[in-house]
Amino acid sequence: MAESTTQQKPLMGWDKPELDLSNAEWQSSSGGAGDVQIAFVEGFIAMRNSGRPQSPSLIFTPAEWGAFVSGAREGEFDLT
């Protein structure tokens, strides 16, 4: 099944491309036990809910991903 990163018009200021995630190699965030999967596609990081893979994915630039992970490590985000 093909998956699209956007279901509606992009938001103003949205500077990320519409990525084709249909052939992405998804990896579990916690070795298979977690609810989040990530994939590296065309220089971006996509993140999705493994329990609902048909749901829209979040797309991060490398800088945004770094900030997200750093914040998570500092307890800013609850990843459970």
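Guide: This is a predicted model.

Visitor: What elements does the chain have, and in which order do they run?

Guide: The chain has one helix and four strands. From the N terminus on, the order is β-β-β-β-α.

Visitor: Why is Gln37 called buried?

Guide: Gln37 has a relative accessible area of 18%. Buried means under 20%, so Gln37 counts as buried. This residue is found in strand β2, residues 36-41.

Visitor: How do you know that the side chains of Gln37 and Arg48 make a polar contact?

Guide: The two side chains are 2.7 Å apart at this contact. The cut-off for a pair of N or O atoms is 3.5 Å, and the pair is therefore within it.

Visitor: Which other residues does Gln37 touch?

Guide: Leaving out residues up to four places away in sequence, Gln37 touches Trp26, Gln27, Ser28, Ala46, Met47, Arg48 and Ser50.

Visitor: What makes Arg52 partly exposed?

Guide: The relative accessibility of Arg52 is 49%. Exposed means over 50% and buried means under 20%, so Arg52 falls in between and counts as partly exposed. Arg52 is found in the loop between β3 and β4. Its C-alpha atom is separated by 9.2 Å from that of Asp35, and the two residues are 17 residues apart along the chain.

Visitor: How many aromatic pairs are there in the whole structure?

Guide: A search finds three aromatic pairs. One of them is formed by Phe60 and Phe68, and this pair is tilted.

Visitor: Why is the pair of Phe60 and Phe68 called tilted?

Guide: The ring centres are 5.4 Å apart, and rings pair if their centres lie within 6.5 Å. The angle between the planes is 40 degrees. Stacked needs under 30 degrees and edge-to-face over 60, so this pair counts as tilted. Both Phe60 and Phe68 are buried, and together with Trp65 they form one aromatic cluster.

Visitor: How much of the chain counts as buried?

Guide: Of its 80 residues, 31% count as buried. The chain exposes about 5,800 Å², and carbon and sulfur atoms supply 52% of that area.

Notes. Residues numbered from 1 in each chain as written. Predicted model: local features only at pLDDT ≥ 70, side-chain atom pairs only at ≥ 80, totals over all residues. Heavy atoms only, no water. Helix = DSSP H or I, 4+ residues; strand = E, 2+ residues; numbered from the N terminus. Buried < 20%, exposed > 50% of the residue type's maximum accessible area, 1.4 Å probe, protein only. Polar contact = N/O pair within 3.5 Å; in protein donor to acceptor, adjacent residues only side chain to side chain. Contact = heavy atoms within 4.5 Å. Areas by Shrake-Rupley, 256 points an atom, 1.4 Å probe, with all protein chains shown as cover. Phe/Tyr/Trp six-rings, centres within 6.5 Å; stacked < 30°, edge-to-face > 60°.
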